[in-house]
Amino acid sequence: MSMASSSFSGSGNALMWFRKGLRIHDNPALECASRGVTGGGFLYPVFVIDPHYMEPDPRASSPGSSRAGLNRIRFLLESLKDLDLSLRKLGSRLLVMKGEPGEVLINCLKQWNVEKLCFEYDTDPYYQQLDMRVKDYASAARIEVFSPVSHTLFNPADIIQKNGGRPPVSYQSFLKLAGEPSWASSPLMTIFPSLPSVGDVGSSQIVEVPTLEELGYVDIEMGNELPPFRGGESEGLKRLREAISNEKWVATFEKPKGDPSAFLRPATTTLSPYLKFGCVSSRYFYQCIQDVYTRNKKHTSPPVSLLGQIPWNDNDELLTVWREAKTGYPWIDAIMTQLHKWGWMHHLARHCVACFLTRGDLFVHWEKGRDVFERLLIDSDWAINSGNWMWLSCSSFFYQYNRIYSPISFGKKYDPNGNYIRHFLPILKDMPKEYIYEPWTAPLSVQTKAKCIIGKDYPKPMVSHDSASKDCKQKLAAAYELNKKLNGVVSEEDLKVLQRKLDATCDSVLNPVHSHSSSGDKRQRRS
């Protein structure tokens, strides 16, 4: 993004509003704000602690706010601390404030005689509404606004316009429309010699980057294992350098492959949290990969390369058991435990638990799973998260619903000894490898020796996978047939009729270890 793309001129004060884009390198909004300050003006770099995002919620299912798990909040605070240190080295500092962001920003614009407001464009609906409010005030106050698209490689609006006003619904059609990014061969500004100083902040309440305790997170029980991700641009760039140093690995990377059970050394770059918060520029990452490809003519291509309505069950009990890692399937529960502990897991592991919750076994609505990921993943992105859940549940984009991830054999293929399970589910650490993925099949003597009695120390399977997956396939087949018959115009009443039909014809597969009367009660709660 060149400076010619903005209309800023003259002197005065500028305000750089950080949200994502928590970095110095390749930050067009910061570049514009810095160069726009002349004639003795000041630059105010601001981050607002948003209660909507950061305030502890005692009603939440795990530590954190109503919108974000503690892992993501910790990562964000670490990223802010790193950003503040980087700004200070350049003669500036991060002005951290607390409150509703719209009110705080408008008050700052008034108090500090700001003539130029810069912030990175955000596609998240929450920020879209917030940005419109701030822009409206700025326009009325004759404050110039520069909001460049730099979090993503392409401007989403441009892609939709090229496709006749509709978003592309497949990755290949997206690639065809997008082509090469317009900035791909242009040098990115990665180093600032200095930044303008910060002016008088008046009566504004400026605080240091808070700690978790200062935000109200006290007496948190998180166990003795912290996520292996330290937030910040410095750490992100370090990881990027390490990742691209192995050029052969970069050139031959294929996304469908990779070991989802690898946790000591994950089989991906693990840069997603840093890209999500903009600690690492996606554009800089892209150019680094392209440089490797230039030197390695044989490499993979997108989508496998490194660059690249249904009547659901309405049963919160099923969702809770899945979310709390108590399904009785060690592979699934280990993945969900890693999610809680690290706020991250391999993309194939995400596929497995998403499939299990939706079209594979439990037939719970994909939006419920999406919301769990949205809150607990450090690298959660609103659009990517929603799109992936629609894909994995066969609600949109992908329709091969017969291809189901087995909660037993899929993990065993990568990790036959069950080391991943033993690490995240230590209750099963002494279970022999022939039973580690199906501990309920172990003789009682084996369970006793392993100090893990199934049904007491570790739960029995909540469903029979064979019958549950068969049930799910029948439901999807019926839903797809109805959609085809009615040419996609399916009413709520059509769905209710289909639901009654499915409930009447499909055997209950929940809680196979319970009595028949218990299963009957469960079936009534599903309908």
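**Terms and their grounds**

Author: In β2, P45 is the bridge partner of M16. Please note from the outset that this is a predicted model.

Reader: In which sense does β1 pair with β4, and over how many bridges?

Author: The pairing of β1 with β4 (residues 114–119) is parallel and covers five bridges. One example is N13, whose bridge partner in β4 is V114.

Reader: What is the strand order of the open sheet?

Author: The order is β3-β2-β1-β4-β5, five strands in all, with parallel pairing. The twist from one strand to the next averages 25 degrees.

Reader: Why are β3 and β5 called edge strands?

Author: β3 (95–98) and β5 (144–146) each pair on one side only, and they are the edge strands. β3 is joined to β2 by four bridges, and those two strands run parallel. Within that pairing, F47 has V96 of β3 as its bridge partner.

Reader: Which helix packs on the sheet, and which strands does that helix touch?

Author: Helix α4 (residues 101–111) packs on the sheet and touches β1, β2, β3 and β4. Its direction makes about 165 degrees with that of β1.

Reader: Which elements make the right-handed β-α-β unit?

Author: The unit consists of β1, helix α1 (residues 28–36) and β2. The term right-handed rests on a view with the strands pointing away from the viewer: the path from the first strand over the helix to the second then runs clockwise.

Reader: How do you know that both faces of β1 are covered?

Author: In a regular strand the side chains alternate between the two faces of the sheet. On one side of β1 lie N13, L15 and W17, on the other A14, M16 and F18, and all are buried.

Reader: Why is F363 called buried?

Author: The term buried applies under 20% relative accessible area. F363 has 1%, so it is buried. F363 is placed in the loop between α14 and α15, and its phi is near 55 degrees, a positive value in a residue other than glycine.

Reader: Is A325 buried or exposed?

Author: The relative accessible area of A325 is 11%; since this is under 20%, A325 is buried. A325 lies in the loop between α12 and α13. Its phi is near 60 degrees, again a positive value in a residue other than glycine.

Reader: Why does P56 count as partly exposed?

Author: Partly exposed lies between buried, under 20%, and exposed, over 50%. P56 has 28% relative accessibility, so it counts as partly exposed. P56 is in the loop between α2 (51–54) and α3 (70–89). P56 and G216 are 160 residues apart in sequence, but 6.5 Å apart in space, C-alpha to C-alpha.

Reader: What makes Q129 exposed?

Author: The relative accessibility of Q129 is 62%; because this is over 50%, Q129 counts as exposed. Q129 is found in helix α5 (residues 125–140).

Reader: At what angle do α13 and α14 pack, and how far apart are their axes?

Author: Helix α13 (residues 330–342) and helix α14 (residues 347–360) pack at about 115 degrees, with their axes 10 Å apart. α13 passes α14 in a left-handed crossing. W331, I332, I335 and M336 of α13 meet A349, C352, V353 and F356 of α14. By class, this contact has eight nonpolar residues, no polar and no charged ones.

Reader: Which residues of α12 and α15 meet?

Author: D316, L319, W322 and R323 in α12 meet K368, G369, V372 and F373 in α15. The residues of this contact divide into four nonpolar, one polar and three charged. The crossing of α12 past α15 is right-handed, and the axes come within 11 Å and cross at roughly 35 degrees.

Notes. Residues are numbered from 1 along each chain as its sequence is written. This is a predicted model: local features need pLDDT of at least 70, side-chain atom pairs count only at pLDDT 80 or more; totals for chains, interfaces and linings use all residues. Side-chain values use heavy atoms; hydrogens and water are left out. Axes are lines fitted to C-alpha atoms, for helices over the stretch in contact, and angles run from 0 to 180 degrees between N-to-C directions. A crossing is left-handed if the near helix is turned anticlockwise from the far one by less than a right angle, and right-handed if clockwise. Contact means heavy atoms within 4.5 Å. Ala, Val, Leu, Ile, Met, Phe, Trp, Tyr, Cys and Pro count as nonpolar, Asp, Glu, Lys and Arg as charged, and the others, Gly among them, as polar. Buried means under 20% relative accessible area, exposed over 50%, partly exposed in between (1.4 Å probe, protein chains only). Two strands pair if DSSP finds at least two bridges between them.
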